[in-house]
Amino acid sequence: MADLNAKLQNFRAPTFPGSYFFVLEGIEGSGKTTQINFLKSSFEKLDYRVLIVREPGGTIFGEKLRQAILQSNTDIHPLSEAFLFASSRAQLLHEVVLPELEKPRTIVLMDRYLFSTIAYQGVARGLGPELVISLHQYFPLNIIPHLTFYLKISVETSFLRQKHRNLPKDYFESRGKDFYLKLSSGYDACLNMFSSFIYINAEMDNLGVSTQMLGAIHKRFPDLSSLQVTQV
Ligand code: TMP
């Protein structure tokens, strides 16, 4: 435990004045895409430059890794998965996130990040959260967002929303209820590890979810107090 705490101390949010890095996390159907678009509109109303990126992917190299994993027909070793996601992430940080945040008044909004690797590879695929944290001890992988919104829904709500969407399922989405329960416990574990990882009740309607997210932003960042909920 002492070792884990020491490793957690190595994580840092970027320090480019006036620019912010926010991440949305949650299981399938938690509403990340909708809420990212709401946040984008809200920040644009305040004349911020807003960039949306997704993981895995966001660079040419990362999109290749995304395909290699998500379109795989054979089982990949969980450690291979963890390294692939971490490679895609390091490249995205180096090539896009950090250079963009360096520009004034920039908001980077990211769909999934390190916390997905903790939940999916660390807990659901059994590597253990500590191993994933160990893989992320080196720059730029030790960069964490200013805030991460954990859009929490139950596994039942996730399945119901996926059924309504009726989209083809990828390598992870096609797994059963036990896998999803482990994912939820992996995300719950992040609440105890990272003070910037914020629980949001995503069973509520879209406006209710956005309101909670903005409340968390206002509380932590007084210079963003004029940010208002915007529906797109
Ligand atoms: P999505 O962009 O459609 O959510 O697909 C990404 C999939 O990859 C999703 O099932 C979650 C999974 N994933 C991991 O297993 N580990 C990771 O570190 C990341 C970023 C995603």
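A residue is counted as near a molecule or strand if its C-beta atom, placed from the backbone, lies within 6 Å of it. By this criterion, 13 residues surround the ligand, the closest being F85, S116, T117, Y120 and F172. The model is predicted: local features need pLDDT of at least 70, side-chain atom pairs count only at pLDDT 80 or more, and totals for chains, interfaces and linings use all residues. Residues are numbered from 1 along each chain as its sequence is written.

Helix α5 (residues 114–124) gives the most to the ligand shell, with four residues. Helices (H or I, at least four residues) and strands (E, at least two) are DSSP runs, numbered from the N terminus.

An open sheet of five strands has the order β2-β3-β1-β4-β5, with parallel pairing; strands pair if DSSP finds at least two bridges between them. β2 (49–54) and β5 (197–201) are the edge strands, each pairing on one side only. Strands β1 (residues 20–25) and β3 (residues 106–111) pair in the parallel sense over five bridges, and F22 has L109 of β3 as its bridge partner.

Two helices lie across the sheet, where contact requires C-beta atoms, placed from the backbone, within 7 Å. Angles run from 0 to 180 degrees between N-to-C directions, with axes fitted to C-alpha atoms, for helices over the stretch in contact.

The axes of α3 (residues 60–70) and α4 (residues 78–101) come within 9 Å and cross at roughly 160°. The two helices are therefore roughly antiparallel to each other (angles over 145 degrees).

Technical notes:
Angles under 35 degrees count as roughly parallel, over 145 as roughly antiparallel, 65 to 115 as roughly perpendicular and the rest as oblique.
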